[in-house]
Amino acid sequence: MPRIALIPGDGIGVEVVREARRLLEALNDSESINFELVEWDLGADRYLRDGTTITDDEFRSLSDDYDAVLLGALGDPRVPGNEHAKDILLGMRFKLDLYVNFRPCVLLAPELCPLRDVPGSLRLETFRENTEGAYTGMGGSFKTGTPDEVAIEEDVNTRKGVERIIRAAFEFAHTRGRERVTLVDKSNVQRHVGGLYRRVFAEVGEGYPDIAQDAMYVDAMAMDLVRRPERYQVIVTSNLFGDIISDLAAEITGGLGLAPSANMNPGRQALFEPVHGSAPDIAGQNKANPIGAIRCVGLMLDYFGHAEIGERVEAAVAASVREGRTTPDLGGDLSTEDVGQWISAHIAKGTPAST
Ligand SMILES: NC(=O)c1ccc[n+]([C@@H]2O[C@H](COP(=O)([O-])OP(=O)(O)OC[C@H]3O[C@@H](n4cnc5c(N)ncnc54)[C@H](O)[C@@H]3O)[C@@H](O)[C@H]2O)c1
């Protein structure tokens with residue numbers, strides 16, 4: 001039985017994870033899955049209460065005693081430096097070696113796309129390297145606060161790290177019938193890092209002759225994603241570029257409230273989280289869109305081998321958008337709870353995945 005740690009975290013994280021939990025409990029009752037759900041008290045409240053962000057024992061327990069984590073969001077205005085969020089979120093990504101950050105963005109209805117020439121359908125699936133690059137924190141400052149200040153931020157990329165994320169992207173494309181994988185880099189300027197990415201992309205790509213392969217500079221990609229997003233399918237890139245490009249992809253397909261993500265070390269551990277943050281501006285008002293978190297449940301089901309149930313979650317989400325059963329960010333007038341209940345009930349009715 002998969003054991004899942006639920007970490008609601010801060011702000012709207014608490015509200016959207018409540019709806020994800022509602023769905024998981026309903027599926028536990030009605031389907032042949034049996035997830036054990038354990039709620040964890042991590043976030044700003046605990047940090048302000050006792051100064052703890054997350055302990056080494058807790059990291060060890062997440063790694064050894066759990067099969068996956070579902071996180072809401074972390075970030076609270078009462079903790080201006082958000083040190084708890086860095087410790088918990090980056091800590092899990094690095095310490096659990098969750099090297100794949102998978103961000104699937106699907107356009108559920110044409111009216112959600114902010115572009116003038118709306119593509120008929122759109123599925124942009126980003127594989128962002130998640131454990132190195134510009135996020136290692138290596139670097140330093142010298143003569144800080146003076147006119148002679150120097151700041152250095154290292155971009156650390158290993159052959160192993162580059163190869164495993166590129167391989168994950170190709171393997172996904174191969175097993176899911178995707179036709180194109182695009183590498184995004186800045187190899188005209190970052191010749192060392194870009195050169196490594198390009199070489200490994202070409203080498204790994206040789207094993208997938210049926211998949212179209214191309215490479216784009218990140219600036220050209222930003223333009224092209226707005227101009228003709230339908231050209232792209234699976235995108236693989238470094239930590240920093242993936243952070244930016246996947247937010248662009250999320251916005252093109254309807255906004256942050258809809259986008260899920262999976263941080264994975266496949267077969268070992270996975271952390272699922274909606275792409276959005278804790279949204280302090282709307283926290284506690286029962287109007288946050290729970291769809292990003294609910295789609296995380298779909299990704300989790302897929303990860304544990306229940307692809308068909310995962311597709312039904314996606315279909316129910318699409319139906320809620322189509323029928324206007326949405327929160328105010330998508331133009332609807334339902335609450336977070338209403339949307340969560342509607343989607344859970346829709347799935348319980350046994351709606352097939354193709355609806
Ligand atoms: N993974 C994470 O936990 C994560 C990610 C991003 C930001 N953060 C943190 O969250 C806090 C707020 O950051 P931010 O304001 O830059 O980003 P945010 O994603 O929290 O909010 C950006 C805007 O989008 C809206 N929004 C976000 N999610 C929504 C949803 N589900 N439904 C409806 N509207 C939604 C918000 O109301 C806000 O106007 C900060 O402390 C930041 O560090 C955490």
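The legends below accompany an overview and close-up views of a predicted model.

**Figure 1. Overall dimensions of the predicted protein model.**

**Figure 2. Close-up of the shell around the ligand.** The ligand is surrounded by 21 residues, of which the closest are Gly75, Gly257, His276, Gly277 and Asn289. Sorted by class, the residues of this shell comprise 10 nonpolar, 8 polar and 3 charged.

**Figure 3. Close-up of the contact between helices H5 and H6.** Helix H5, spanning residues 159-176, and helix H6, spanning residues 191-205, have axes that come within 9 Å and cross at roughly 45 degrees; the two helices are therefore oblique to each other. The crossing in which H5 passes H6 is right-handed. On the H5 side the contact is formed by Arg159, Val162, Glu163, Ile166, Arg167 and Phe170, while H6 contributes Leu196, Tyr197, Val200, Phe201, Val204 and Gly205. Taken by class, the residues of this contact of H5 with H6 are 8 nonpolar, 1 polar and 3 charged.

**Figure 4. Close-up of the packing of helix H7 with helix H8.** The axes of H7 (residues 218-227) and H8 (residues 239-252) lie 11 Å apart, and the helices pack at an angle of about 5 degrees, which is under the limit of 35 degrees; H7 and H8 are therefore roughly parallel to each other. From H7, the residues Val218, Met221, Ala222 and Leu225 meet Phe241, Ile245, Leu248, Ala249 and Ile252 of H8. The residues of this contact of H7 with H8 divide into 9 nonpolar, with no polar and no charged residues.

**Figure 5. Close-up of the crossing of helices H1 and H9.** Helix H1 covers residues 12-30 and helix H9 covers residues 291-303, and their axes come within 8 Å of each other while crossing at roughly 35 degrees. H1 passes H9 in a crossing that is right-handed. Val16, Val17, Glu19, Ala20, Leu23 and Leu24 are the residues of H1 that meet Gly292, Ala293, Ile294, Cys296 and Val297 of H9. In terms of residue class, the contact of H1 with H9 consists of 9 nonpolar, 1 polar and 1 charged residues.

How values were computed:
Residues numbered from 1 in each chain as written. Predicted model: local features only at pLDDT ≥ 70, side-chain atom pairs only at ≥ 80, totals over all residues. Axes fitted to C-alpha atoms, helices over the stretch in contact; angles between N-to-C directions. Helix = DSSP H or I, 4+ residues; strand = E, 2+ residues; numbered from the N terminus. Parallel < 35°, antiparallel > 145°, perpendicular 65-115°, else oblique. Left-handed = near helix turned anticlockwise from the far one by under 90°. Contact = placed C-beta atoms within 7 Å. Nonpolar A, V, L, I, M, F, W, Y, C, P; charged D, E, K, R; others polar. Near = placed C-beta within 6 Å.
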